[in-house]
Amino acid sequence: MKLKEMKVMTEKISRKKGTTKKTRSTNINEIDKNTNNKNANSKNTNNKIANSKNANSKNTINKKAITLTQDQYRKAKHIQNSKPIIFIGMGTCGLASGAQATFDTFRSEALKYKLDIEIIPVGCVGSCFLEPIVDIKLPGKARVAYKQITSDKVVEIIQRTLQKEEIIREWVLGKYPVEPSSSDEDFSDIPLISDFEFFKNQKKFVLSRCGVVNPRSFEEYIAYEDGFKALAEVLEEANPQKVIDDIKTSGLRGRGGGGFPTGQKWQFCRDAQSPDGQKYVICNADEGDPGAFMDRAVLESDPFSVIEGMIIMGYAIGASKGIIYCRAEYPIAIKQLTNAISICSERGLLGKNILNSGFNFEIEIKKGAGAFVCGEETALIESIEGKRGMPRIKPPYPATYGLYGNPTNINNVETIAQIAKILNYGPAKFAEWGINKSRGTKVFSLTGKIKHAGLVEVPMGITIREIVKIGGGIPNGKKFKAAQIGGPSGGCIPAHLINTPIDYEELKEVGAMMGSGGLVIMDESTCMVDTARFFMKFIQEESCGKCIPCREGTRRLLEILTKLTQKPKNDYEVVDRMKSMISLKELAYVIKDTALCGLGNSAPNPVLTTLNYFRDEYEAHLYENRCPAKACIGLLSFRIDAEKCVGCGLCKLNCPNDAILGEKKQAHYIVEEKCVKCGLCKSNCKFNAVILE
Amino acid sequence: MSILSFENRNKKLSGGLKKLMPAKISDVLSRFKQGDASELIPVLQAVQSEYGYISEDNTYEIAEYLNLPSSKIYGVATFYAQFRLEPLGRHVINLCTGTACHVKGSEKLIPVFEQELKCKAGETTKDGRFTFNLVACLGACALSPVVNIDSDFYGNVSPSDVKKILRKYK
């Protein structure tokens with residue numbers, strides 16, 4: 001009976017190329033039937049395998065749902081496509097650069113030109129500065145990527161590339177390699193996209209599918225890099241302990257901040273006894289670090305990898321429930337995840353009896369409500385339980401007492417997204433990358449004063465200098481001053497330590513931390529005291545208020561730093577500034593030692609590192625009321641050079657607070673009390689008459 | 001400065017604009033399991049997306065439905081940045097003050113916005129036209145400084161762009 005059905009199905013598929021909808025529904029029926037059969041046979045044996053420790057016997061599973069037919073594979077890989085395919089990068093950064101307009105224009109213009117094309121929205125390849133990126137695959141040709149395709153360039157692409165099959169050289173970013181097995185024609189004179197300067201020294205592992213595959217397509221996930229193969233093997237081998245051992249071998253450590261060995265964490269949770277047999281796995285997608293967005297990119301561009309990773313994690317630990325805790329600020333990520341979860345449920349990869357293996361697992365999305373502290377494990381658990389996101393006292397750790405009092409394992413998106421890939425690639429081979437105890441790759445979101453901002457994935461052990469080089473260096477001929485790594489919990493690495501390698505321990509040694517991967521580059525025009533104040537302001541606002549060192553301590557730190565960035569009004573304030581400066585360091589260490597959670601413990605890091613490496617700047621603020629970088633607006637004043645001013649009135653016109661006075665054709669002047677120091681007058685003055693002091 | 005538009009982004013970000021015909025509170029609540037305290041945050045999110053904010057009356061309704069003290073609802077609603085206890089303006093401005101935007105000078109935009117709007121950050125203008133918020137990070141760091149108004153995003157905003165941007169919203 002089953003065999004017959006299968007035959008009918010494959011026939012149907014081969015007959016109806018392209019009508020995926022039809023084949024999909026038959027596929028689902030097939031699985032439903034299978035699951036029903038199996039369910040009847042193995043009642044009450046759910047999760048038996050996951051919980052049993054001896055597991056030498058192989059499990060027979062039904063791989064049908066994750067096996068592609070030849071046609072499906074060719075379609076998913078776009079081999080020998082019959083009509084032109086347009087891929088448009090529509091992650092948040094793509095959209096923020098106008099990808100939606102490009103998409104709409106392509107659609108409307110294609111109708112006008114009576115072109116039969118397929119438009120596929122893809123995620124983000126990481127080179128945000130080149131967005132919107134549009135890839136074009138002409139029928140039977142290699143896929144070519146164009147950069148910065150705003151809507152005004154669409155018509156030219158249609159006329160030249162789609163109609164005349166001409167590649168527009170000046171817009172080309174690179175081509176994708178053609179499938180070895182296909183007869184697609186290659187463009188021998190166009191360089192590969194992976195040879196492009198920005199990508200050349202990167203090692204794409206976590207991000208390998210991002211921006212290449214359609215994040216909504218189940219088939220494409222399977223076709224590219226063997227999606228769900230790792231899961232099938234794990235279920236087939238039916239040895240959860242081996243999965244954990246593999247992860248231990250790989251040397252993978254948590255990518256969310258702390259860098260705790262992932263395998264060990266899983267082991268704790270697997271070994272923990274649960275009162276009612278329930279365990280949970282949680283994916284921490286509450287990426288709250290300002291300046292970090294790699295988790296968003298992964299969720300938006302490759303949601304299935306997170307789902308597969310979670311199922312494997314659940315299987316290894318013996319959990320039947322998974323929760324993805326995602327920021328509400330990431331609506332596109334939530335949309336892609338919801339879609340991926342519903343497809344997986346339809347195909348029998350989530351729910352009861354996954355792939356006929358007897359393992360049950362479901363995933364639920366919980367939307368965060370905007371609290372940085374919820375990135376902390378126990379605070380996140382509190383938030384899922386519907387409470388204020390305040391961290392719990394540890395121990396007990398979540399591995400023994402987590403969500404609703406049950407053993408819970410929490411990992412971050414980047415960690416989970418590479419689980420399947422590590423198992424596919426081979427844990428031992430994965431462990432070859434990197435240095436010391438830091439293995440594999442790390443994704444950084446490179447922003448700030450850098451030419452090429454975006455996501456970079458590099459092998460561990462690479463130096464910060466090399467990452468800055470990947471980003472194209474500092475714009476406008478300015479000098480590198482510091483790299484802020486690890487978000488508000490991290491530290492600033494000064495220019496003389498630019499050769500520090502990316503390694504959990506080495507970074508800790510210089511006072512910073514790996515963090516989740518925000519890397520903000522600063523140049524001479526960034527004031528380090530102001531930076532420390534900025535982070536302290538952020539932490540102070542986000543401090544949950546549970547423990548006193550963090551709640552009160554960060555407020556005092558912020559007060560001290562704010563005083564430093566403002567001119568003292570009288571003698572009393574001068575003395576006060578001096579006095580508080582003396583206690584700054586001591587206060588920072590008290591918070592570091594006594595705060596309850598990771599947020600508080602690491603809160604003084606930005607202050608301590610800047611104080612350590614940029615003491616001269618603190619002194620300039622304190623003794624001379626001067627900000628060397630000219631960034632602290634409280635210490636600056638704008639003045640109009642009466643000799644240069646011709647009285648054109650442009651500054652007066654643009655001043656938001658009417659702080660500029662003066663008659664036409666006569667020198668103007670600025671009323672200091674009213675000036676909000678926005679710098680509009682300076683940027684609008686055509687005669688360089690506005691001086692910043 | 002670059003402009004772009006995408007649907008619903010802001011709706012979820014700020015909890016949503018006030019709908020013309022909001023559903024009854026009992027209808028909103030009935031989507032959730034009664035008495036399940038862990039549903040509190042999703043309930044608050046649903047209520048806010050329906051009414052634009054969480055009113056005092058609704059707090060009591062939620063408390064009764066979930067069988068929680070109303071003080072607890074207030075506690076949770078004030079803890080998370082997403083929830084508002086006061087109605088929003090017609091347009092919501094979110095100025096990003098994340099690290100990347102800060103380094104690129106988003107702080108200089110604050111006084112400009114405040115002057116133009118005649119209201120402080122976190123407040124709504126007197127005519128109910130704008131609500132001006134500072135947010136931690138919009139995740140579009142490569143285009144910093146970023147301003148988001150309703151469903152539009154503006155990248156690389158300089159102080160001189162502010163007037164021009166605001167003029168588009170009535």
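How many salt bridges are there between domain 2 of chain A and domain 4 of chain A? The count is 0 salt bridges, a salt bridge being a side-chain nitrogen of Lys or Arg within 4 Å of a carboxyl oxygen of Asp or Glu.

This is a predicted model, in which local features need pLDDT of at least 70, side-chain atom pairs count only at pLDDT 80 or more, and totals for chains, interfaces and linings use all residues. Residues are numbered from 1 along each chain as its sequence is written, chains are lettered from A and ligands numbered from 1 in the order in which they are written, and side-chain values use heavy atoms, with hydrogens and water left out.

**Confidence**

The model scores ipTM 0.80 and pTM 0.85. Chain B averages a pLDDT of 82, and 87% of its residues score at least 70; pLDDT is the predictor's confidence in each residue, from 0 to 100. Residues 1-18 of chain B have a pLDDT below 50. That stretch still has 71 contacts in the model beyond near neighbours in sequence, where contact means heavy atoms within 4.5 Å.

**Domains of chain A**

Domain bounds come from an automatic or database domain assignment.

| Domain of chain A | Residues |
|---|---|
| domain 1 | 74-192 |
| domain 2 | 218-430 |
| domain 3 | 434-526 |
| domain 4 | 529-624 |
| domain 5 | 637-692 |

The centres of domain 2 and domain 4 of chain A, taken over C-alpha atoms, are 36 Å apart. Domain 2 puts 11 residues into the contact and domain 4 puts in 9 residues. They bury about 880 Å² between them, with 79% from carbon and sulfur atoms. Buried area is the accessible area (1.4 Å probe) that two parts lose on being put together, summed over both.

**Chain B against chain A**

Here 45 residues of chain B are in contact with 58 residues of chain A. The buried area is about 4100 Å², 63% of it on carbon and sulfur atoms. The rule finds 1 salt bridge across this interface. A:Arg533 forms a salt bridge with B:Glu107, with the closest N and O atoms 3.1 Å apart.

Several elements of chain B each supply at least two residues to the side that touches chain A, including α3 (40-51), α5 (70-79) and α7 (109-117). Helices (H or I, at least four residues) and strands (E, at least two) are DSSP runs, numbered from the N terminus. α5(B) gives the most to this side, with 5 residues.
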